[in-house]
Amino acid sequence: MEMTDHQGAGGPGGGGRRAGGGGASRRLLRRAAGALLGLAALAAATAGPAGAAGRAGTAPELVALRAVAPSVVQEIRYASRENFVGEPVDGYRAPLCLLTAPAARALARAQRSLLRQGYTLKVYDCYRPQRAVDHFVRWAADLGDQRTKAVYYPRVDKSSLFRQGYLAERSGHSRGSTVDATLVRRAAGGRGGDGAPEACHARRDGTAADGSVDMGTAYDCFDPLSATDAPGVTPRQRAERRRLRGALEGVGFANLPQEWWHFTYREEPYPDTYFDVPVSPEALRARRTG
Ligand SMILES: C[C@@H](N)C(=O)N[C@H](C)C(=O)O
Ligand SMILES: [Zn+2]
C-alpha cells in the first residue's frame, strides 16, 4: 500500500524519489495531525472541567469527605435499604461520601462554623453515579411498587416525582459537587427515636428519627413541606433550615428550593459532566490509574 502510493505520487523518472519522499512526509504529518485531533476529541469527552457529558468509566477527581472533614457525620442512605427505593441503590458499593476537592473543602469550612454554634453537619448523599440515577428512573416508572409511599411520598403521586423536581434524570450529584445534608446538635449524638417508620412530614418534638435536627420533614420526604421556604413549618424548624442554608451558602453552595437538604457548590469543577464511576474506595484511585 505504501509502495503503491509512493509510485503513484512520484511517477516514473528521476524526480520521482524526491517528490515521493515529500508526499510521504506530508502523509505522515497528516496522520500525526489526525491522531492529535483524535486524542483531543477523547480528552474533551473524558475531561472534567471543560467537560462534555460524562461517559461510563470516566473518572472524576474525587476525595473522601472523611479525609477532609472527619467530624462530619455520614449516613449514606442509598448504600442501605433505608431510602425511598427500599433497597441499596445501584452504584453504591460502600457507604462513602465522595466529593470534588473544592466542595469537600467548602463543607469543612461550614463544619467549623457550625461546630462553634453547637452543631455538626450530617451528609446523606454526595457524589452519585449515573447508574444510581437510572435506578431511580426505573423505580419511578414502576407504579405498581408503592412499598415506600407511606413514609417517603405520602401526599404526592409517584408518577409526578420527576415532574415536580424531587428527582432528576440528570442530577447535580453525578457531577460530584452536590451534597444532601442536615444538622445534628452536638449534644444529641447518634440516632434518636425508636426508628419506627412514620410519614416523613409528621410533626416531631425537636429531633428527627435519625437523631438529626427537626427540619419539619425527614430527608428525602417528597412533599411540598420539604420546600426550603415552605410556609407550613414551625418557626423553630424554619430557623434550623435557615441555619443550614446560611452555613452552606456562606461557603459557596446554592440550595435547591424544593428540598431543604440539597446543595450544589457554585464553583463546581465539572459543571457539564455526569459521571458513572461507582461509589467505592476504588473511585478515589480511578482517576490516577485509569
Ligand atoms: C433524591 C434527592 N435526594 C435529590 O437529590 N433530588 C434532586 C432533585 C436530584 O436528584 O438531583
Ligand atoms: Zn440531593
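## Strand pairing around S7

Strands S5 and S7 run antiparallel and are joined by three bridges; two strands count as paired if DSSP finds at least two bridges between them. In this pairing, Val179 stands opposite Phe263 in S7. Helices and strands here are DSSP runs, helices being H or I of at least four residues and strands E of at least two, numbered from the N terminus. The structure is a predicted model, in which local features need pLDDT of at least 70, side-chain atom pairs count only at pLDDT 80 or more, and totals for chains, interfaces and linings use all residues. Residues are numbered from 1 along each chain as its sequence is written, while chains are lettered from A and ligands numbered from 1 in the order in which they are written.

S7 also pairs with S6: four bridges join these two strands, which run antiparallel. A hairpin through two residues connects S6 to S7, and Leu256 stands opposite Glu259 in S7. Six of the seven residues of S7 are buried, and the strand is thus mostly covered. A residue is called buried if 20 or more other C-beta atoms lie within 10 Å of its own, exposed if 12 or fewer, and partly exposed in between, with C-beta atoms placed from the backbone.

## Overall composition

The secondary structure of the protein comprises eight helices and seven strands. The protein has 290 residues, of which 37% count as buried. Two residues are in contact if their C-beta atoms, placed from the backbone, lie within 7 Å. Among contacts between residues at least 6 apart in sequence, 70% join residues at least 24 apart.

## The nonpolar core

In soluble globular proteins, nonpolar side chains tend to be buried together. A nonpolar core is a set of buried Ala, Val, Leu, Ile, Met, Phe, Trp, Tyr and Cys residues joined through C-beta atoms within 7 Å. The largest such core in this model has 60 residues, and those with the most contacts inside it are Leu65, Leu98, Leu99, Leu107 and Val123. Two or more residues each come from strand S3 (98-99), helix H4 (101-116), strand S4 (119-125), helix H5 (130-141), strand S5 (178-185), helix H7 (235-249) and strand S7 (259-265). H4 gives the most to this core, with six residues.

Apart from neighbours within four places in sequence, Leu98 is in contact with Leu62, Ala64, Cys126, Tyr127, Val279 and Ala283.

## Ligand shell and annotated positions

The residues surrounding ligand 1 are Asp125, Gly165, Tyr166, Leu167, Ala168, Ser171, Gly172, His173, Asp180, Asp220, Glu259 and His262; a residue is near a molecule if its C-beta atom, placed from the backbone, lies within 6 Å of it. By class, this shell has three nonpolar, five polar and four charged residues. In this scheme Ala, Val, Leu, Ile, Met, Phe, Trp, Tyr, Cys and Pro count as nonpolar, Asp, Glu, Lys and Arg as charged, and the others, Gly among them, as polar.

Glu259 is found in strand S7 and counts as partly exposed because it has 19 C-beta neighbours inside 10 Å. His262, also found in strand S7, is buried, with 26 other C-beta atoms within 10 Å. Leaving aside neighbours within four places in sequence, His262 is in contact with Thr178, Asp180, Asn255 and Leu256. His173 lies in the loop between helix H6 (149-152) and S5, and its 25 C-beta neighbours inside 10 Å make it buried. Beyond neighbours within four places in sequence, the contacts of His173 are Asp125, Tyr127, Arg128 and Thr178.

Gly252 occupies the loop between H7 and strand S6 (253-256) and is buried, with 20 other C-beta atoms within 10 Å. Gly252 and Leu107 are 145 residues apart in sequence and 9.3 Å apart in space, C-alpha to C-alpha. Excluding neighbours within four places in sequence, Gly252 is in contact with Ala106, Tyr265, Arg266 and Glu267.

Arg285, in helix H8 (residues 282-289), is exposed, with 11 other C-beta atoms within 10 Å. From C-alpha to C-alpha, Arg285 and Val251 are 27 Å apart in space and 34 residues apart in sequence.
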